[in-house]
Amino acid sequence: QERSESRLLAGLNPQQREAVLYRGQALLIVAGAGSGKTSVLTRRIASLLENREAWPSQILAITFTNKAAAEMRERVGALVGQASEGMWISTFHSACVRILRREAENFGFTKNFTIYDSSDSRVLIKRIIKEQGADVLGFTPGNVSAKISKLKNELADVDSYARNANMDDPNEAAFVQIFRAYTRALTAANAFDFDDLIGQTVYLFRAFPHVAATYQNRFKHVLVDEYQDTNHAQYSLIRELTRPPALDDNALITTSPGASLTVVGDSDQSIYAFRGADIRNIVEFERDFPGAKVILLEQNYRSTQNILTAANSVIANNFDRKDKKLWTAVGDGEKIVGYTGYSGHDEAQFVADEIEKLHSAGTPYSSIAVFYRTNAQTRALEEIFIRSALPYRIMGGTKFYERAEIKDAMGYLVSVANPQDTLALRRILNTPKRGIGPATETALFRFAEDNGLSFRDAMREAAALGLGPKVTNAILSLSALLDEGAALVAEGKVSEVMSTLVTKSGLVESLRRSHDPQDEARAENIEELIAVTKEFERNNPDGELVDFLTEVSLVAAADDLDDSSGTVSLMTLHTAKGLEYDAVFLTGIEEDLLPHRMSASEPGGPAEERRLFYVGITRAKKRLFLSLAMTRAQYGETAVAMPSRYLQEIPAELIEWRQSPGMANSRGGTQPRALNANRTKWNGTDLATKPLTEKRDWPNRITNQVRDNGALELAAGDRIRHSDFGDGRVQTVTGEGAKRIAHVQFESAGFKKLLIKIAPIEKL
Ligand code: ATP
Ligand code: MG
């Protein structure tokens, strides 16, 4: 045992070691980025298991993303092997879904409940606003759902809100009505929205002490990573879980002192205030948990000194913070590279070129990441990356599950799993088109209400509505199909249920038959979804339909579970938290993007944006690239962009500046100068006199037209002309079909790899 103990502690500094070994009710580890907070949590879990102080089932570890959870599980597994199975390492949301699936029946839900993502919530809210005629008061699905979400993060429900609301104010009264209708609709649909997952678990624990006691007795250790970003609801959940269980009347429940709690965090990395994250949770930890031990870590193991100095200089500009002394033994490392591009595309080209250089010099693609503030910035990056045949993957907020056809297909599955889910049923009622119009939908809905039936049961009774025979038959056969699906569920396979539903409903067929070329791609997406169900079955041989639905809703809403081996990772700065890469590109370091223009009106907004920049910088281990553009296409227009105020907070000598070769007065080597809103000159180029349309300035570089060279025959030795790179000779062609890649040596532009299908090339 002593030998394994030393193995677990190997390489740790004294403070880290203390953090692994401390045993008490509450422990707070506060430290700057890259100081080993997450590593210490992982070792602590391993140490508890190894010393048999806890069974795996007695440990609950909360991470910020699914990816972080998977990593932590893997690392604990590597340290202690089999002994780690059965641990709960998950995000707040997944932990709560697990609890709710088991316990939902205690308070009027079934275990098959649906999880509404934000777009589902908005559809529902939109309907309610319309029904109540509240649109004239300026209510929109966007502002209503934001407000409801905020309230739920504060654990306010409609009743507590209404008690304090000024009901004489028509706006307040209308909001309360909408909130109430929304809450009722969720309950009737046997559904939780994303915020409910946490809020309702807290409610469940408070309302049913015996349920809470089950978990309070079960978990002996609760550990939370990224504690600075917990909101009030999450904080309350942790409090409930670590409370000593209330004594049962007949004392059947053995009592424990409550789980011991370990939290780690860095207030400089708090970036979720807009979702109600409350920095006070970390600042007031010692007050909340009297007797708590606090350990500070000061050595950074991730980044070079140059990167760390840049990060420290930036964050030092925030007030109201404790200064931390982070140091590293790694050495200065290379300078940070700064690049001022002419446009977002030029910037993206720089990023792609530098990535190729890093890759040729031995950095694997998977150790490189590109960050941006807003999702809109991915368009230019993707265009250039695809053309450069650079393998990349966009992490977080997978768009796949937001596609209409995927939502349709999922709607069938959800309707089978949770027949109370009226939202899902109404979505598929006339998709594909089967002649059930809005009037029929309303008639069904009324019929259900008038007769105290669920919408699903009303469909079964469609014959009683006195509709035409064609419509009646359409409803009845859909109803029969759903019953068939439900019967299949009982037999097991998710993939069979899925393919039966999308085939027999005619969903796939209608897309295949369509003349819209996009529909073919949509049909393929549904095939892809069926492939996802098969993969799920392989990974979870005992998995049930609800497990699949859970996985989909959590992955779709949070982050990508896919492994990113061999690809460059693209993600927003928010998604980047906790991760690390050898080389990091921070793009769009401009006013209005970082700080984001929306942040100006928020109290504490610019300080929070600075923390976001700090988070971005501190992800880099060896190389950091900061880039910006002089003009940026945003909201459909190309506008002059100004360097971010935060750039000047980095000591100039740490950055080596480069400039687009295409720029008029390229002097290179200069730091973009002080911000001035009225300024039209940028390092000598007068932007006021320069046309700002990208097409003019970058001839042929970006066209909106979709190119398809799929049929172009190319072989080694062929000469080609590229619209940007000029003439070159093909050295070899690799890959097949749509993925054929030409390796080309250009006369002046050097060596490039091009995806033949879409590259702007012609054969000479
Ligand atoms: P963040 O604030 O960004 O979440 P963190 O404090 O959680 O950072 P970790 O991710 O745990 O930091 O660690 C940063 C890097 O330093 C990791 O690569 C980790 O393996 C390494 N590291 C941590 N402690 C040590 C150590 N004692 N010796 C060597 N490497 C270490
Ligand atoms: Mg961490």
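This is a predicted model: local features need pLDDT of at least 70, side-chain atom pairs count only at pLDDT 80 or more; totals for chains, interfaces and linings use all residues.

Which of the 19 residues around ligand 1 come nearest?

Modeller: The residues that come nearest to ligand 1 are Gly36, Lys37, Thr38, Ser39 and Tyr301, out of the 19 residues around the ligand. Helix α3, which covers residues 37-50, gives the most to this shell, with three residues. Sorted by class, the shell around ligand 1 holds 11 polar residues, four charged ones and four nonpolar ones.

Now let's step back to the whole chain. The protein has 764 residues, and buried ones make up 44% of them. There are 28 helices and 26 strands in the protein. Among contacts between residues at least 6 apart in sequence, 73% join residues at least 24 apart.

Setting aside its neighbours within four places in sequence, Ile307 is in contact with Gly333, Ile336, Ile617, Ala620 and Leu624.

For a pair of helices, look at α5 (residues 92-103) and α10 (residues 194-207), which pack with their axes 9 Å apart and at an angle of about 50°. The two helices are therefore oblique to each other, and α5 passes α10 in a left-handed crossing. On the α5 side the contact is made by Phe92, His93, Cys96, Val97, Ile99, Leu100 and Glu103, while α10 brings Leu197, Ile198, Gln200, Thr201 and Leu204. By class, this contact of α5 with α10 has eight nonpolar, three polar and one charged residues.

Finally, here are a few backbone details to look for. Most peptide bonds are trans, and most residues other than glycine have a negative phi. The bond from Thr431 to Pro432 is cis, with omega near 0°, and Pro432 is found in the loop between α19 and α20. Leu594 and Pro595 are also joined by a cis peptide bond, with omega about 5°; Pro595 sits in the loop between β15 and α27. Asn190, in the loop between α9 and β5, has a positive phi near 55°. Asn190 is buried, with 21 other C-beta atoms within 10 Å. Glu226 has a positive phi near 55°, lies in the loop between β6 and α12, and is buried, with 25 other C-beta atoms within 10 Å.

How values were computed. Residues are numbered from 1 along each chain as its sequence is written. Chains are lettered from A and ligands numbered from 1 in the order in which they are written. A residue is near a molecule or strand if its C-beta atom, placed from the backbone, lies within 6 Å of it. Helices (H or I, at least four residues) and strands (E, at least two) are DSSP runs, numbered from the N terminus. Ala, Val, Leu, Ile, Met, Phe, Trp, Tyr, Cys and Pro count as nonpolar, Asp, Glu, Lys and Arg as charged, and the others, Gly among them, as polar. A residue is buried if 20 or more other C-beta atoms lie within 10 Å of its own, exposed if 12 or fewer, and partly exposed in between; C-beta atoms are placed from the backbone. Two residues are in contact if their C-beta atoms, placed from the backbone, lie within 7 Å. Axes are lines fitted to C-alpha atoms, for helices over the stretch in contact, and angles run from 0 to 180 degrees between N-to-C directions. Angles under 35 degrees count as roughly parallel, over 145 as roughly antiparallel, 65 to 115 as roughly perpendicular and the rest as oblique. A crossing is left-handed if the near helix is turned anticlockwise from the far one by less than a right angle, and right-handed if clockwise.
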